Structure formats: structure tokens, C-alpha cells
Amino acid sequence: MDLFIGISGGHHESTAVAVCDDSVIAFAWGESLSLHTFERDLVHVRLSDLLTTLAHNASLSPNLLRESTQQLCVALPGAANEGDQALAAECLEDAGWSDKSRLQIVDDTWAGLVGGVFSPSGICAFAGTGASVFVGLGSPAVGRTNKFDGWGPVLGDFGSGFQLAIDVFRMARRYLDRQGVPPPLLAELT
């Protein structure tokens with residue numbers, strides 16, 4: 001059996017799918033594999049759990065899943081840089097996936113581009129709790145020259161936690177200046 005596995009590491013959750021002969025034979029969901037948010041050891045455990053669940057859902061042992069897999073592609077937030085790719089490779093190796101010729105670690109925006117338009121050339125833009133734009137020139141880029149990141153639904157630092165806190169303090173001070181009393185939100189917090 002020749003399996004191909006794709007994993008989306010995601011900021012909030014992870015998803016894995018195993019395909020054989022153009023048919024999905026198993027899928028699994030797990031917790032986020034973001035190396036920007038979670039420690040390497042926790043990502044390793046979560047990745048191992050995800051692959052174990054995928055093997056179980058495919059009615060295979062984890063070893064048979066690994067032996068049958070021709071290619072494993074893992075898409076992770078920020079994996080366009082070599083440091084994140086090395087950390088992800090370590091997590092895979094710790095989970096028993098040491099044959100690097102069968103592994104591909106890519107940035108989530110590159111995977112989004114290919115999955116969305118079935119081409120490695122084009123532009124992929126994500127806007128939600130985070131924002132990024134990737135310009136695909138035909139292959140997965142290593143480095144940050146093809147990707148621009150931000151926080152919140154806009155590029156830049158406008159939606160970051162720091163900026164949001166500053167906006168709350170600014171709003172509270174303006175309310176106090178106009179009304180002469182603290183805003184109801186701050187009254188609830190104190």
C-alpha cells in the first residue's frame with residue numbers, strides 16, 4: 001500500500017489525511033502544531049498523537065502507517081524559515097519519522113496556495129486572527145522574502161495583543177475624560 005499523508009498544523013487545530021490510490025482512507029484531528037505558540041516537546045507529543053490517531057483510523061499500526069507512507073507533507077505556520085523547518089523535522093524524527101527523503105515541511109501559506117488554486121504560482125492571502133500574504137513563484141520558498149505577516153485581520157502590528165491593549169486604555173481614558181467616571185468595562189475589572 002502506497003500512502004500519501006498531508007498534515008495542516010494550524011494555529012488552532014491540526015488535521016491529517018491519508019490518501020491511497022486517489023482515495024481518502026483516513027483522517028484525524030488534533031491540537032495545534034504551531035511551533036510559534038507551543039514548545040517543541042508539546043508539538044512533538046501532539047504530532048505523535050495525531051499520527052497515532054490517523055494510523056488507528058486507517059486500521060493500521062503506527063509502524064505500518066510509517067512504512068507504507070511514500071510522502072508526508074506537513075504544513076505549519078511560519079515554516080518558511082529554516083529554523084522552524086528544523087524544529088518540525090526534529091518533532092517528526094522524535095515521532096519515528098526519520099526518513100527525510102519522504103518528508104516535506106512547508107509554510108502554511110504555500111500549502112494554502114497549492115491547495116486553493118492547485119498551482120505553486122500565485123498569491124495566497126490569509127486574514128483572520130492572523131494575517132499573511134504569500135507570493136508563490138513555483139516552489140516552496142525557504143526564507144521570508146515571499147511572505148508578509150501581521151496580526152489580526154490586517155498586515156502590520158495593528159491587531160496584535162499589544163496594540164489591542166493600548167486601544168482599550170486609550171478608549172478608557174477618553175471615556176473617563178468625557179464622562180468623569182471610569183467606563184463600565186473597567187469598573188467590572190476592578
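Mentor: A patch here is made of residues with over 30% relative accessible area and no salt bridge, and nonpolar side chains are joined within 5 Å. Keep in mind that this is a predicted model.

Trainee: Which residues make the nonpolar surface patch of about 360 Å²?
Mentor: Start with one member, V24, which is found in strand β3, residues 23-31. V24 has a relative accessible area of 53%, so it is exposed. The patch of about 360 Å² is made by V24, F27 and W29.

Trainee: Is C20 buried or exposed?
Mentor: Buried means under 20% relative accessible area. C20 has 12% relative accessibility, so C20 counts as buried.

Trainee: And C91, buried or exposed?
Mentor: The cut-off is again under 20%. C91 has 1% relative accessibility, so C91 counts as buried.

Trainee: How many disulfides does the structure hold?
Mentor: A disulfide is a covalent bond between the sulfur atoms of two cysteines. In this structure the number of disulfides is 0.

Trainee: Which element gives the most to the largest nonpolar core?
Mentor: That core has 31 residues, and I5, L54 and W97 are among those with the most contacts inside it. Elements giving two or more residues include β1 (3-8), α1 (40-57) and α3 (82-94). The most, 6 residues, comes from α1.

Trainee: Which residues is L54 in contact with, leaving aside its neighbours within four places in sequence?
Mentor: L54 is among the residues with the most contacts inside the largest core. Its partners beyond those neighbours are I5, A16, V17, A18, A26, F27, A28 and L65.

Trainee: How many residues are in the second, separate core?
Mentor: Its members include A75, V106, W110 and C124. The size of this second core is 6 residues.

Methods: Residues numbered from 1 in each chain as written. Predicted model: local features only at pLDDT ≥ 70, side-chain atom pairs only at ≥ 80, totals over all residues. Heavy atoms only, no water. Patch = residues over 30% accessible without salt bridge, like charges linked within 9 Å, V, L, I, M, F, W, Y side chains within 5 Å. Areas by Shrake-Rupley, 256 points an atom, 1.4 Å probe, with all protein chains shown as cover. Salt bridge = Lys/Arg side-chain N within 4 Å of Asp/Glu carboxyl O. Helix = DSSP H or I, 4+ residues; strand = E, 2+ residues; numbered from the N terminus. Buried < 20%, exposed > 50% of the residue type's maximum accessible area, 1.4 Å probe, protein only. Disulfide = S-S within 2.5 Å. Core = buried A, V, L, I, M, F, W, Y, C linked by side-chain atoms within 4.5 Å. Contact = heavy atoms within 4.5 Å.
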